[in-house]
Amino acid sequence: MMNDILQFKMFKTVAVGLLIISSNVLSSGYKFPDGFMFGASTAAYQIEGGWNEDGKGENIWDRMTRSRPELISDRSNGDVACDSYHKYKEDVALAKDLNLKCYRFSISWSRIAPSGEVHKLNPLGIAYYNRLIDELIANDIVPLVTMYHWDIPQYLQDLGGWVNPIMSDYFKEYARVLFSHFGDRVKWWITINEPKETCKGYSFNGYAPYLHLNQTGYYMAGHTQLIAHSKVYHLYNDEFRAKQQGKVSLSVNGFFYVPKDEQSQDDVDTAERANQFERGWFSHPVYKGDYPPVMRQWVDKKSKQEGRPWSTLPTFTKKEIELLNGTADFYALNYYSTRMVKHGSDADVNYNPDAEFETYVDKSWPVSLAPWIIAVPEGFKRLLVWIKNEYGNPPVIITENGFGDNGTLNDFERISYIKSHLSAALRAIHEDECNVFGYTVWSLLDDFEWMNGYVYRFGLVSVDFNNPQRPRTLKASYGFFKKVVATYGLDDSSSTTHSLKLWLNIFFCLITMYSIYIFYILPR
Ligand code: NOJ
């Protein structure tokens, strides 16, 4: 006869055992939800080549790299790049072999309309994208299309580019061409890729068109892009959505900022301000209609201190606020890294001086060859939660995440980076209920990495840029990602070894319970 105390102790032992079993099973078994959109990302100028073929016009990257090669680390350009203009079928076959659900690529505006103006379209350019889209669909791969990934036609730049408000109308008309020609098959649209980075090309020393217009150019370029985005969104609503039933958003990038000292209110406020300048700049307007209040306040204050008659951050009219509000059908998130911050000033061109913060990194965080990419998966998870709280848990697709190295085929660092970030996304989905529905890795191929030419490589597939045929070779990360897509998770063991592991877990837990019983309960 067991007494009550002994029964209670046994009950406790069983409960502890079950807890151990369930946590073991759960932590090893998070899966991506059914239908999760796994994919890979690329961009026109970075992979296509064919820079002046079949009637394509000159864009700002053609102009800058060809006229000022010294600005690019290895003096290279995207004239040929991966030659995807000719080898697109091979690239789609790679996506197919990976079993990707979607492929994110961008359309070169000057291939569609050589000067950017739509009264003179280039039928051969339109035909190219028709072929690419048809090839994807024939292979059951969903096209996810970016309309503008940094390469505006040079003629539009000569008119002022993104600091000329009229660009928003040119962009709208260009978008109309895309919806009309491709919208029957393309259901996922991203108007603008990383608008913040475009702004760098108008301010501090970064990217084409390589202008140095300081804060004024920086914010004006952002303002026009936001208005352009809202015009395209409403164009879709008014003329295409009912028939085409697609979704439209813009992709927003940036570091995630965390307080250097989590206990310091000043650091907490600084991190929040930095995040609003970084992501809120382009997310707040499309979710809430206007710039983040803290950004408005700080830039206005700074402009005043500088003795300017008006703020460098332009103001939206009431009508523009209405038009911007609610113009993201999903959140397209580009994420690579995290920084710790404190109030101060940072000379690094990556950061906006108006936000007044200094950045720090933890020495233990692994750095990639591209020095700005420091792997902080925990920051990624925190960012997903931040987006959830800030914008009402929108559907999120991670449209970029990846690792830059020297192009080795044994890219184990890339595997570890991607794996840890996918694991963070899985935890955000299962533990924080973040509404993440897709992940398109940057990138399918090694490609032209903007100011860094071909120095940093991001592909799952290597491209030999010294060979005119541009042969592709699979890297170790390709095999890794293929397995993730096939298993919907990070447990790369087969189902047999998985269930073996499960039984071993149960077996060891039973042994633990038995030992507790023998050595702890019985002797009392
Ligand atoms: C962001 C950009 O969208 C993409 O074009 C670039 O290659 C990657 N990040 C890596 O730097």
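1. **Ground rules.** This is a predicted model, in which local features need pLDDT of at least 70, side-chain atom pairs count only at pLDDT 80 or more, and totals for chains, interfaces and linings use all residues. Residues are numbered from 1 along each chain as its sequence is written, and side-chain values use heavy atoms, with hydrogens and water left out.

2. **Polar contacts.** Look for pairs of N or O atoms within 3.5 Å, the cut-off for a polar contact. Glu449 places a polar side-chain atom 2.4 Å from a ligand oxygen. In the side chain of Glu400, an N or O atom is 2.7 Å from an oxygen atom of the ligand. Tyr336 has a polar side-chain atom 3.3 Å from a ligand nitrogen. Taken alone, the ligand exposes 300 Å², and the protein buries 96% of that. These areas come from the Shrake-Rupley method with a 1.4 Å probe.

3. Where does the ligand sit? It is in the largest pocket. A molecule sits in a pocket if more than half of its atoms lie within 2 Å of the pocket's grid points. On a 1 Å grid over the protein atoms alone, a pocket is an open set of points with protein on both sides within 12 Å along at least five of seven lines; a cavity is a set where a 1.4 Å probe fits but cannot get out; lining residues have an atom within 4 Å of a point. The largest pocket holds about 660 Å³ of space. Volume here is the space filled by probe spheres set on the points, which are joined across faces, edges and corners.

4. **The pocket lining.** There are 32 lining residues, and Glu197, Lys200, Tyr207, Asn350 and Trp372 lie nearest the centre of the largest pocket. The lining splits into 14 nonpolar, 11 polar and seven charged residues. Helix H9 (residues 195-200) gives the most, with three residues. Helices (H or I, at least four residues) and strands (E, at least two) are DSSP runs, numbered from the N terminus.

5. **The cavities.** The structure holds four cavities of 30 Å³ or more.

6. **Backbone spots to check.** Ala208 and Pro209 are joined by a cis peptide bond, with omega about 10°. Pro209 is in the loop between H9 and helix H10 (214-244). Another cis peptide bond joins Trp442 and Ser443, with omega about 15°. Ser443 lies in the loop between strands E11 (436-442) and E12 (461-463). Glu194 is not a glycine, yet its phi is positive, about 45°. Find Glu194 in the loop between strand E4 (188-193) and H9.

Conventions. Polar contact = N/O pair within 3.5 Å; in protein donor to acceptor, adjacent residues only side chain to side chain. Nonpolar A, V, L, I, M, F, W, Y, C, P; charged D, E, K, R; others polar.
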